[in-house]
Amino acid sequence: MMIARRLLRSNASAQANNLVKSVTSSGSLQGHAGSLSDASVRHFSSASSPQSDLTEANGFKGHGMLAPFTAGWQSNDLHPLIIERSEGSYVYDINGNKYLDSLAGLWCTALGGSEPRLVKAATEQLNKLPFYHSFWNRTTKPSLDLAKEILSMFTAREMGKVFFTNSGSEANDSQVKLVWYYNNALGRPNKKKFIARSKAYHGSTLISASLTGLPALHQKFDLPAPFVLHTDCPHYWRFHLPGETEEEFATRLANNLENLILKEGPETIAAFIAEPVMGAGGVIPPPKTYFDKVQAVVKKYDILFTADEVITAFGRLGTMFGCDMFNIKPDLVSMAKALSNAYVPIGAALVSPEISDVIHSQSNKLGSFAHGFTYSGHPVACAVAIEALKLYRERDIPGHVRQIAPKFQEGIRAFADSPIIGEIRGLGMILATEFTNNKSPNDPFPVEWGVGTIFGEECQKRGMLVRVAGDAIMMSPTLIMTPGEVDELVSIYGEALKATEERVAELKSKKN
């Protein structure tokens, strides 16, 4: 019955596909990123999820929300897909249609959408103390307890203090201010530039969007800010030279990073920021030896390493943190999303003891550390996060990921020979499929075909939601998936792929 109802939406989906518009770029990223493919420029111009069983009378077309990462025509011309409730790895729309949520919301509901212990933690805290701030040496017990728990859980290296934010964007934004504060305190006023990477995603606030290496977040926003530089994207499949091994590719990228530092002047470079596995930029794992070589370069020039763990923290890769998997020893760490299982907004910026000591000393001289938010360390968010951290440990979520991930990864990679798939990449419970012609990174399908969009719509018709980004699709499901749920995910993927292959064959025949 559910499948039948979803099939009724196919006509609306086809109409939506005809409306899909591409974002074009007038040039490459500012800085030292080099040119990017059209696919990366279109990364955040995803297809809509129309609801054909809504009428003009009861629909929400032209609603009052300025929707994030949504084109105006989508909000004005189409009814949105409205999710009403969640249960484990599934979500339900307002018409009762059930979907396997293969992105866990936005890479974040690691423990699923209906964890009663988290709801209980929020309810109890709301009944006890729904809000109090953390300014002027006043605070709450949940915020102190959560800071202690995070510091004990992160073991890649010792960290000194935790600063609480409301999102990953705010965490990365705050990291820049903290680094500037730190260098000013040390008498290094010129050491202010940040180096990020092409295709990186670090958020959408002014500073974090500047760190982000995706043109869509810069266009018409007058970004990136001039203190942000971008170095190479570490995507081996797309950017390696003929005959170049992963290790050789990593060496070349590390050399390019060093040359960029020398060109700008090491005395002007404050920090390098990287996701252990690039997420929204296309799920790009690092090539072999990459982080060993990059860390050696930044350490050589006294440049801080900031690890953006917003997506990779709390078991996503099969280790508690991405830094654990790649032997990263960061000076600063950003986290959010799964920190509270996304039930309540919260982010965190961790800084090393060396940095926190300097910040304390400088704030003593100035009379205050003048940075913070009304909701920094919100007691309800902290109470939920504390319970989430308990669950990650008690249920050994990283261990469960190590058990279930091979079924997930191998199940999807079994389709790698498809003539429309260029690459399937990922590790743990995060994966991307990039659709290209002739299996080549340099032979994309025509933009107007919207191959990624077609695949996303075929998945949705069959009861699964995926992240569509140009001609790539991404999956980052809950970390509590059962073997049966993985089988369902793989089955829907296969059916949607077959339908997409047939549609591409039709489009090719018409073109010829």
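**A residue and its surroundings**

Analyst: This is a predicted model. A349 is placed in strand β10, which covers residues 347-351.

User: Is A349 buried or exposed?

Analyst: A349 is buried, because its relative accessibility of 1% falls under the 20% cut-off.

User: Which residues does A349 touch, leaving out those up to four places away in sequence?

Analyst: A349 touches K161, V162, F163, A171, Q175 and V333.

User: And how far is the C-alpha atom of A349 from that of D308?

Analyst: The two C-alpha atoms are separated by 9.4 Å, while A349 and D308 are 41 residues apart along the chain.

User: Let us step back. How many helices and strands are there in the protein?

Analyst: The protein has 18 helices and 15 strands. Of its 512 residues, 58% are buried.

User: What share of the contacts with a separation of 6 or more comes from residues 24 or more positions apart?

Analyst: Such residues account for 73% of those contacts.

User: On to helix packing. At what angle do α17 and α18 pack?

Analyst: Helix α17 (residues 451-461) and helix α18 (residues 483-511) pack at about 140 degrees, and their axes are 8 Å apart. An angle over 145 degrees would count as roughly antiparallel, so α17 and α18 are classed as oblique to each other. Their crossing is right-handed.

User: Which residues make that contact?

Analyst: From α17, the contact involves V451, I454, F455, E458 and C459. From α18, I492, Y493, A496, L497, A499, T500, R503, V504 and L507 take part. By class, the contact of α17 with α18 has 11 nonpolar, 1 polar and 2 charged residues.

User: How about α8 and α14: at what angle do those axes cross?

Analyst: The axes of α8 (residues 168-185) and α14 (residues 353-366) cross at roughly 70 degrees and come within 9 Å. The range for roughly perpendicular is 65 to 115 degrees, and α8 and α14 are therefore placed in that class. The crossing of α8 and α14 is left-handed.

User: Who contributes to the contact there?

Analyst: Helix α8 contributes L178, Y181, Y182 and A185. Helix α14 contributes E354, I355, V358, I359, Q362, S363 and L366. The residues of this contact divide into 8 nonpolar, 2 polar and 1 charged.

User: Now the backbone. Which peptide bond is cis?

Analyst: The bond from L223 to P224 is cis, with omega near 5 degrees. P224 lies in the loop between α9 (206-211) and β6 (228-231).

User: What would one expect for phi and for peptide bonds in general?

Analyst: Most residues other than glycine have a negative phi, and most peptide bonds are trans.

User: Where is F69, and what is its phi?

Analyst: F69 lies in the loop between α3 (38-41) and α4 (72-77). Its phi is positive, about 50 degrees, although F69 is not a glycine. F69 counts as partly exposed, at 44% relative accessibility.

User: And A104? What is its phi, and is the residue buried or exposed?

Analyst: A104 also has a positive phi of about 50 degrees without being a glycine. A104 is in helix α5 (residues 104-107), and at 0% relative accessibility it counts as buried.

User: Last topic, the cysteines. How many disulfides does the structure hold?

Analyst: The structure holds 0 disulfides.

User: Are C233 and C382 buried or exposed?

Analyst: C233 is buried, with a relative accessible area of 4%. C382 is buried as well, at 0% relative accessibility.

Terms used
Residues numbered from 1 in each chain as written. Predicted model: local features only at pLDDT ≥ 70, side-chain atom pairs only at ≥ 80, totals over all residues. Heavy atoms only, no water. Axes fitted to C-alpha atoms, helices over the stretch in contact; angles between N-to-C directions. Helix = DSSP H or I, 4+ residues; strand = E, 2+ residues; numbered from the N terminus. Parallel < 35°, antiparallel > 145°, perpendicular 65-115°, else oblique. Left-handed = near helix turned anticlockwise from the far one by under 90°. Contact = heavy atoms within 4.5 Å. Nonpolar A, V, L, I, M, F, W, Y, C, P; charged D, E, K, R; others polar. Disulfide = S-S within 2.5 Å. Buried < 20%, exposed > 50% of the residue type's maximum accessible area, 1.4 Å probe, protein only.
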